[in-house]
Amino acid sequence: MLTPVRMVSEAAELAARRHNGMARKGRGSEPYINHLAEVANLLAQVTDGADAELVAAGWLHDTIEHTETTREELAQKFSARVADLVVECTDDMSLAKLVRRQKQIEDAPHKSPDAKLIKTADKISNIGARIVPHPSKDERDDLADYAAWADQVVAGCRGINPRLDRIFDDTIARARAALAETGG
Ligand code: ZN
């Protein structure tokens, strides 16, 4: 097994390479790696850095869904636990977007506690990126739509880490305030 520092460092490096050239949604189309850094760092913060595999899975959580990466590769390079966590956070991209969204709401309560943490951190990061100054109508609609859906997914992920739940609630509150301010 890799040492904790190497576990996280190798995960960050692989994520950076695999997601190279991709942009995230929201705030100025930042590099995708910024999203992964936010998710990994949130997980490290709320667990006081006690779980390197969880933080590594945070860096890697979108690799199977968005890049040419397999469970086997992650299991070999990192650990079976890291690989299984990433698989748990992977949507079936052959399904239509609305079906995938509904499935996330239904599946969330049945995920492992660690996958629930990753999913909550993912939603915090994605809502945060959609809160932009002077939003267009499309940006406002996208934030309202995403935040309402994320709230339903995270409803099934609560109760594992109160600090993370609180950050999610603060992020939803910021989204609501931003929408109220712009008349949404
Ligand atoms: Zn993500």
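The model is predicted: local features need pLDDT of at least 70, side-chain atom pairs count only at pLDDT 80 or more, and totals for chains, interfaces and linings use all residues. Residues are numbered from 1 along each chain as its sequence is written, and side-chain values use heavy atoms, with hydrogens and water left out.

**Exercise 1.** Describe how H8 and H9 pack.

*Solution.* 
- Step 1: locate the helices, which are DSSP runs (H or I, at least four residues) numbered from the N terminus. H9 covers residues 137–155, and H8 covers residues 113–130.
- Step 2: take the geometry. The angle is about 165° and the axes are 10 Å apart. Axes are lines fitted to C-alpha atoms over the stretch in contact, and angles run from 0 to 180 degrees between N-to-C directions.
- Step 3: classify. H8 and H9 are therefore roughly antiparallel (over 145 degrees; under 35 is roughly parallel, 65 to 115 roughly perpendicular, the rest oblique).
- Step 4: list contacts (heavy atoms within 4.5 Å). On the H8 side they include Lys119, Ile127 and Arg130; on the H9 side, Leu143, Tyr146 and Trp149 are among them.

**Exercise 2.** Repeat the analysis for H6 and H8.

*Solution.* 
- Step 1: the helices pack at about 55°, with axes 9 Å apart. That makes H6 oblique to H8.
- Step 2: the crossing is right-handed.
- Step 3: Arg81, Leu85 and Glu88 in H6 meet Asp114, Ala115 and Ile118 in H8.

**Exercise 3.** Which residues coordinate the zinc ion, and what is the arrangement of the donor atoms?

*Solution.* 
- Step 1: collect donors, meaning N, O and S atoms within 2.8 Å of the metal (3.2 Å for Na, K and Ca); water is not among the atoms, so sites may look incomplete. His35 (NE2), His61 (NE2), Asp62 (OD) and Asp122 (OD) coordinate at 2.1 to 2.3 Å.
- Step 2: check angles. They span 82 to 176°, which makes the arrangement irregular. Four donors are tetrahedral if all angles lie between 85 and 135 degrees; four are square planar and six octahedral if opposite donors are over 155 degrees apart and all others between 65 and 115; anything else is irregular.
- Step 3: read the spacing along the chain: H-x25-H-D-x59-D. Histidine 61 sits in the loop between H3 and H4, and aspartate 122 in H8, so the pair ties together parts 61 residues apart in sequence.
- Step 4: check burial. Histidine 61 and aspartate 122 are both buried (under 20% relative accessible area; exposed is over 50%, partly exposed in between; 1.4 Å probe, protein chains only).

**Exercise 4.** How many residues of H3 are buried, and which helices do they pack against?

*Solution.* 
- Step 1: nine of its nine residues are buried. Among them are Glu53, Trp59 and Leu60.
- Step 2: these buried residues pack against H1, H2, H4, H5, H6 and H8.

**Exercise 5.** Where do aspartate 48 and histidine 134 lie, and what is the phi of aspartate 48 and of histidine 134?

*Solution.* 
- Step 1: Most residues other than glycine have a negative phi.
- Step 2: aspartate 48 has a positive phi of about 50°. Its place is the loop between H2 and H3, and aspartate 48 is exposed at 60% relative accessible area.
- Step 3: histidine 134 has a positive phi near 50°. Histidine 134 lies in the loop between H8 and H9 and is exposed at 78%.

Terms used
Helix = DSSP H or I, 4+ residues; strand = E, 2+ residues; numbered from the N terminus. Left-handed = near helix turned anticlockwise from the far one by under 90°.
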